[in-house]
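Trainee: I have a new model open. Please show me how to read its features, one at a time.

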Amino acid sequence: MGSWLSKQLEPTSAHFTYLILSLFLLFYAIFSSSIRNRLHLSEPPLATVVGIAAGPAALNIVNPEQWHWQDTVTQEAARVIVSLQVFSVGLELPKGYFGRHWRSVGMMLVPVMVFSWLVTAGFVYALLGTRWSTALVVSACLAPTDPVLAAAVLQGGKFSGRVPRRLRHMLSAESGCNDGTSFPFLYAGLLMVLRSSTGEVIRAWLLATILWQCSLGLFVGLVLGKLSNRALRLAERREWIDPSSFLAFYLLLALFSVGIGSTLGLDDFLVAFGAGTGFASDGWFANKTKEAALSNILELILNSSMFVYFGAIIPWEQFAPREITPTITPGKLIGLLVLVLLFRRIPIVLLLKRFIPDIRTYREALFCGHFGPMGLGGLFLAIEARAQLETGESIPLPRPPKNHPLKQEIEQVWPIVCFVLLGSTFVHGCSVAAISVAGHYMRPKGERAPLLAGEIEGLDSMVHEGGGGESEPSVSGDEDPDPQRS
């Protein structure tokens, strides 16, 4: 009987993965309101814990190495999920948002990102002893705000309602744009590693990165979004499309934008963000689907699954000194993480507060400076960097080569980026709980909510009143401004 039963069972790593992943998602779905609104936790840190616990570092139940997955799988999974998220950001912003708030978003995308890139590179160079060009590559992977982690904090849950709407929109817009705008920083560092001539570096950077990948990518995305909007409107008006296909069009268009961007060698994230922005520019689709909560469904299933995968592939053994990377130690990585969290964004946002119209108080500047999480976008950029260093193209080798002229640079990028992403996932993912608990105890006893961290009023020292035509609709298709939040 025992031998017969053992023949029927198939406890493979892949099958255990289906079991554990679905069990986690079911558990989270059942208790999602309590987890978000009472514990003030989001999916990414919890999913990462599940991946670590089930992965090779602990139970060794979920082990992607046993599935013979290669770096291309990580690259493409991160590409698709981040692209879907930035498409969603473009879709959900208020219509005409960039026409009214271009100055605030522009300040976050240019001076703040340049500062973040250079300061982080300085920390990597000083602490870990890399070449300056390698430090620029690593810091480019850490410069953008991750849209997946940002959405987990800024969308849904009671806490998001305590943050002024203009700040939520600005941070969402930034997270949607800057994964794409990080490509110029990444390729500036890569070209410094791969090319010897300064003129050749500048020429390749301007032509290939700025003009082709970024500028053309954004243009293609906007045109694709506009044309798709008109096509869907025509199909609905003539009753060519049924309700289920209408909702599926959102996901299919996002995937199509990824396909166009990756096939043409464009900036996938800017193509996807441009497509979402162009598609939702008139607010029509958002009005039609405001009750569908499409982005929340994607966030729960795809994003959480990717963070479980990330937890399972963390290269723990590479966080210790090795022959090829003797300067990488746990102590130095922790020191780098602390410096990056403290100085990557906060000082420059505080300094530029007066030039960012949507930031009105220094508490708001501190909040916006802190909430610049690093996540799956950095994971994709790290694989992109490794691919370029390995082959000079965007397609990575199955595994890092054993003998390569840039062996040390290739081996340095992955562990540094993964460690900082891991730290950011937990710090930023748990920040809402920390802010809520601290705010609870900072209030006089008579003004505290009955439940710990159960306050629903706007965060202190932030401007929550609307007025002056600056209030925003709750979704891109909603014409009614919220008079209470700006």
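Mentor: This is a predicted model. Start with helix α5, residues 71–92.

Trainee: Is α5 largely enclosed or open?

Mentor: Look at burial. Buried means under 20% relative accessible area. In α5, 16 of the 22 residues are buried, so the rest of the structure largely encloses this helix.

Trainee: How is a pair of aromatic rings described?

Mentor: By two values: the distance of the centres and the angle of the planes. Planes over 60 degrees apart count as edge-to-face. The count here comes to 21 aromatic pairs. Take Phe87 and Tyr250: their ring centres are 5.6 Å apart and their planes stand at 65°, so this pair is edge-to-face.

Trainee: Where do Phe87 and Tyr250 lie?

Mentor: Phe87 is in helix α5, and Tyr250 is in helix α14, residues 243–264. They are 163 residues apart, and the pair links distant parts of the chain. Both Phe87 and Tyr250 are buried.

Trainee: What is the geometry of the rings of Trp316 and Phe319?

Mentor: Their centres are 5.8 Å apart with planes at 80°, so Trp316 and Phe319 are edge-to-face. Trp316 is partly exposed, at 36% relative accessible area. Phe319 is buried, at 6%.

Trainee: Which residues do ring pairs link into a cluster?

Mentor: Phe87, Phe246, Phe249, Tyr250, Phe279, Trp284 and Phe285.

Trainee: Which charged ends sit over rings?

Mentor: Lys353 is one case: its charged end sits over the ring of Tyr362, 4.8 Å from the centre. Arg386 is another, with its charged end over the ring of Trp414, 5.2 Å from the centre.

Trainee: How many salt bridges does the structure hold?

Mentor: It holds 12 salt bridges. To read one, look for a side-chain nitrogen of Lys or Arg within 4 Å of a carboxyl oxygen of Asp or Glu. Glu76 and Arg79 meet this way, at 2.8 Å from N to O. The two are 3 residues apart in helix α5, about one helical turn. Glu76 is partly exposed, at 35% relative accessible area. Arg79 counts as buried, at 8%.

Trainee: Which parts does the salt bridge of Arg345 and Glu174 tie together?

Mentor: First, the distance: their side chains meet at 2.6 Å, N to O. Arg345 lies in the loop between α18 (330–343) and α19 (346–351), and Glu174 lies in helix α11, so the pair ties together parts 171 residues apart in sequence. Both Arg345 and Glu174 are buried.

Trainee: And what about Glu411 and Arg322?

Mentor: Their side chains form a salt bridge of 3.3 Å, N to O. Glu411 is in helix α22 (residues 407–442) and Arg322 is in the loop between α17 (294–313) and α18, so this pair ties together parts 89 residues apart in sequence. Glu411 is buried, at 9% relative accessible area. Arg322 is partly exposed, at 24%.

Trainee: Which residues are linked in a network of salt bridges?

Mentor: Asp71, Arg386 and Glu390.

Trainee: Last one. Where is Ser172, and what does it touch?

Mentor: Ser172 is in helix α11, residues 165–181. Ser172 is buried, with a relative accessible area of 11%. Leaving out residues up to four places away in sequence, Ser172 touches Val89, Leu93, Leu154 and Gln155.

How values were computed: Residues are numbered from 1 along each chain as its sequence is written. This is a predicted model: local features need pLDDT of at least 70, side-chain atom pairs count only at pLDDT 80 or more; totals for chains, interfaces and linings use all residues. Side-chain values use heavy atoms; hydrogens and water are left out. Helices (H or I, at least four residues) and strands (E, at least two) are DSSP runs, numbered from the N terminus. The expected span of a helix is 1.5 Å times one less than its number of residues. Buried means under 20% relative accessible area, exposed over 50%, partly exposed in between (1.4 Å probe, protein chains only). Rings of Phe, Tyr and Trp (its six-membered ring) pair if their centres lie within 6.5 Å; planes under 30 degrees apart count as stacked, over 60 as edge-to-face and the rest as tilted. A charge sits over a ring if NZ of Lys or CZ of Arg is within 6 Å of the ring centre and within 35 degrees of the ring normal. Contact means heavy atoms within 4.5 Å.
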